[in-house]
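Thanks for coming. I will go through the pocket, the ligand and the cavities in turn.

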Amino acid sequence: MNNFKKDFPIFTKNPSIVYLDSTASSQKPSYVINSIKDYLENDYSNIHRWLYDIAINSEKLYFDSKKKIANFLNAPDYKEIIYTYNSNYALNLLSQTLRFNKVLKAWDKVLVSIVEHHSNIVPWLILKEEIGIELEFINVTKNFDLDINDFEKKYDDKVKIISLTYVSNVTGQIFDLEKIWKLKRDNTLFIVDASQSFPHFKVDVQALNADFAFFTGHKIMADSWIWVLWWKREFLEKYNPVFSWGWAINEVKECGFKNWAIPFRFEPWTPNMTWALSLLKALEYIEKIWGYEEIQKVEDELVKYALEKFNAREKITLVWSKKIENRVWVFSFYIDWIHSLDIADQMAEENICIRAGQHCAEPFADYLWIKSSCRMSLYIYNSFEDIDKFFDVIDNILENN
Ligand SMILES: Cc1ncc(COP(=O)(O)O)c(C=O)c1O
C-alpha cells in the first residue's frame, strides 16, 4: 500500500500519534501547508478591486480554486460556487434565503433523514419556530440504507424540500440518492450534504440531479472554516440574498441599493483568501496522488482489514453495518458495559485519537436508543499498523473490564 503518511508533517513531528478522527477533520499535507506559507509571503492581498500585481495573483488563485471545485463536482459553471464558513453557516444561509424568498411558507414540509448531522436539522427547526414549516424524518432500514417505502409515505404534496446527506457521519453508509431523485417531483428542491462523501469519492451534482450541494474544506485536507455551497445557476439568479453588505453591493444611494451580480451577492464579505487557496491546493494534492481512484484503493484495503477485526470481536457492537459495500471508512461502535468516554480516554492515554458521543446526530442516537458511541475513522495517511494499535488497546480494555 502507498505510504501517504510521509506527506503529512504532523506525523513526523508527532511520531507516536495514531490519528483516527478524520471524519471530524482531516490532517493537512505539506503540499497544502507550504502553499499557504508561500501565498502569505508572496502574493497576499484583498481581491476584486485591484490594479496591482499581487491582487491580480490573489484574484486568479481565488477563481482557480472555484474552477477546480466546479471541475471536481461536475458543476456547469464555477460562478455557481459560493464560499461560506462551515456547513452550519451554509445551511442557515440557504434556509434563510428560502424563507426570505417565500419558497418556504407555513405548513410547507422539509424532508430529511433520521441520520442527518445537526447542521441539516437545526436550520429547518429554526424555520419551524419562525414561520411554522414542518420537518419530517425519513427512517433507515435494518441495513442502514434510506427506507424508500418510508420516503414514499412521507413525500406528500406539502413537501417543498428534500435535504439529505450522501454519507452518514455515524455509520459511514452511502445512501443511494439516485432512487430519491428518480421519485422526486419537479416542484421539490433537492439539497445534498456532501460533507462526508466529497473527501472519499467523486460527487457529481449533475448526475445527482441536485439543486444545491455543500461540503467542507477541513475534512478534505484544506484549512478549517471554508465551506462550499453549490447552487444551480437559476436559483442564484432568482433568489434575493438575505444578507448583503460590503462589496456584494453594486450601487448604494440614500434611497436604496442594487445587488452585485452572482455569485458575489451571496458572498457579501471580504473572502478569506488563505482558506480558498488551501482548498485549491488540497484538490491539487488529490490529483497529484492519482485522484479519488487512489483514495478508494487505500480505503477498500483499510475498510476490509478493520471490518475483519471488528467482526472477530463479538463484544463490540458496530453502529452498525458489518458489510463492506457502500460504505466509507467510518466505524462507530460501543461495548455494552463500558462508557464510550472511558474507551476514548484510554485510547487518548496511548496517543490514539478517536471520538465519543453522539457525533452531532442526536436524533439518530435517540432513534437507535444509544446514549453514546465511539467513532474511529480513517483517511489516506492511515495504515494497517494504526488499526493494529487501535485493536491492541481495545483488547486490553476488553480483558480488564
Ligand atoms: C454529514 C455532515 N454534515 C455537516 C457537518 C458539519 O461540518 P462543519 O462542522 O464544518 O460545519 C459534518 C461534520 O462532521 C458532517 O459529518
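How far from an oxygen atom of the ligand does a polar side-chain atom of His218 lie? The distance is 2.8 Å. I count that as a polar contact, a pair of N or O atoms within 3.5 Å.

Before going on, this is a predicted model, where local features need pLDDT of at least 70 and side-chain atom pairs count only at pLDDT 80 or more, while totals for chains, interfaces and linings use all residues. Residues are numbered from 1 along each chain as its sequence is written, and side-chain values use heavy atoms, with hydrogens and water left out.

In the side chain of Ser195, an N or O atom is 3.2 Å from a ligand nitrogen. The protein buries 88% of the 400 Å² that the ligand exposes when taken alone; these areas are Shrake-Rupley values with a 1.4 Å probe.

The ligand is surrounded by 14 residues, each with a heavy atom within 4 Å of it. The closest are Asp193, Gln196, His218, Lys219 and Trp227. By class, this shell has eleven polar, two charged and one nonpolar. Here Ala, Val, Leu, Ile, Met, Phe, Trp, Tyr, Cys and Pro count as nonpolar, Asp, Glu, Lys and Arg as charged, and the others, Gly among them, as polar.

Where does the ligand sit? It takes up the largest pocket, in the sense that more than half of its atoms lie within 2 Å of the grid points. On a 1 Å grid over the protein atoms alone, a pocket is an open set of points with protein on both sides within 12 Å along at least five of seven lines, a cavity is a set where a 1.4 Å probe fits but cannot get out, and lining residues have an atom within 4 Å of a point. The largest pocket holds about 410 Å³. Of its 26 lining residues, Ala24, His117, His218, Lys219 and Cys360 are closest to the centre. The lining has 15 polar, six nonpolar and five charged residues.

Now the cavities. Two reach 30 Å³ or more. The largest has about 80 Å³ of space and 13 lining residues, with Val170, Gln358, His359, Ala365 and Ser373 nearest its centre. Seven of the lining residues are nonpolar, five polar and one charged.

The second largest cavity has about 40 Å³. Among the residues lining that cavity are Gln196 and Lys219, both also listed among the closest to the ligand.

Conventions: Grid points are joined across faces, edges and corners, and a volume is the space filled by probe spheres set on the points. A polar contact is a pair of N or O atoms within 3.5 Å; within protein, one must be able to donate a hydrogen and the other to accept it, and residues adjacent in sequence count only if both atoms are side-chain atoms.
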